[in-house]
Amino acid sequence: MMKNKVVISSLMLLFVSMSYAQSLFDRFENEPKVSSVVVSKSMFNLLSKFEVVVEDDPEARDFVAMAKSIESLKVFTTFDKNVSDDMSAEVASYLKKSNLTELMRIKDEQANVKFYIRPGRTDSQVKELLMFVNGFDVKSMDLNLNINGEDRNIESVLLSIVGDIDLDKISSLIAKMNLPEELNQVSQ
Amino acid sequence: MKRFLNAVGLILIVAMSFISCNSNKSVQQYFLEKQSSPDFISLTLPASILNIAVDSLAAEEQDAVNSLKKLNVLVYHSPEGASDRFTKEEEEVTAVLNNSKYQDLISAHTPMGSGTIMFLGAESTIDEFLAFGSDLKQNFILIRVLGDNMNPKHIKPFITALQQSDINEEELLALLAGLKPKQELIKKQL
């Protein structure tokens, strides 16, 4: 009796935390100072279906193989310092709760890039990939700093991919979906 | 214990029926309602306007063309300085879309505008694509691509077929003639 209650309440807790985890970064979608792209599992399935024709292109083949098993892809970009700090805090709290491990960290004059993964079957197969680029210094890149009357000195990028991801084949995904090039570093 | 489980089950059932009842206005109803509204511009293009000579196509391309039925376009353009009306209309359409059975494919938001592409049906037999785009200030557009078991495998053959199409421009322009000031917008979005 008591045992059952414990099981049920822990199941409920699990359910609540799961539904929370799913909507984790979703609130940034409605944040006006954030640009976001969210690609669903269905889209990946469709993409893998209509890309299937090109069998002689190894990059396309890698892409099809991976697209089938991707659950979701989300990219959030902001030029706003406050939102960037908010993102940073959200990432930190997510890392504390989830069992993601750090894959690598790259820091140079321009940016601070961090990669986290949820390990899968092998070293290159992961279940989840999280990339966070904090305070990318747009100024040093000599880009257009003022867009729509808004100063864009820093840029933060949060990218999350959930599914079966092969880090060695991620370049196919980056090429097909115009993802940030920093991602290429995970396969090197 | 059993009682507790029963209660949980009951709550779940009530919650689920609540969700299904809550889809108060369907996308179809929304289109019908807004098509007759003076604030909206609507346009229906039959697939035949593409004027593709189906007979000369490969079998796969023929299937692709035949699975497409028509295009339904709805545009809202709010009057200058009436941002409250735009907000109201946008909230309404967002609510309709969120309550619909359409599944998201891609959604993108930027400070300059937002867009979503959805579909209805199963992944290999799609009945409908729905695209929604908004500039967050004055205009939004809804495009429905209606078909019959559209297969994603057909997308490439369809593009091939489209290249051989002989679009009847006069017919298209005649349809667009009534929408002069907004013509640019439609062209751009399409």
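Two residues are in contact if their C-beta atoms, placed from the backbone, lie within 7 Å. By that rule, the contact between the chains takes 19 residues from chain A and 17 residues from chain B. On chain A, strand E1 (34-40) and helix H2 (41-50) each supply at least two residues of the side that touches chain B. This side of chain A divides into 9 nonpolar, 7 polar and 3 charged residues; Ala, Val, Leu, Ile, Met, Phe, Trp, Tyr, Cys and Pro count as nonpolar, Asp, Glu, Lys and Arg as charged, and the others, Gly among them, as polar.

This is a predicted model, in which local features need pLDDT of at least 70 and side-chain atom pairs count only at pLDDT 80 or more, while totals for chains, interfaces and linings use all residues. Residues are numbered from 1 along each chain as its sequence is written, with chains lettered from A and ligands numbered from 1 in the order in which they are written.

E1(A) is joined by 4 bridges to strand E3 (residues 103-110) of chain B, and the two run antiparallel. Strands pair if DSSP finds at least two bridges between them. Ser36(A) has His109(B) as its bridge partner in E3(B).

Chain B itself has 7 helices and 6 strands, where helices (H or I, at least four residues) and strands (E, at least two) are DSSP runs, numbered from the N terminus. Their order along the sequence is α-α-β-α-β-α-β-β-β-β-α-α-α.

Over residues 17-23 of chain B the pLDDT is below 50.

Terms used:
pLDDT = per-residue confidence, 0-100.
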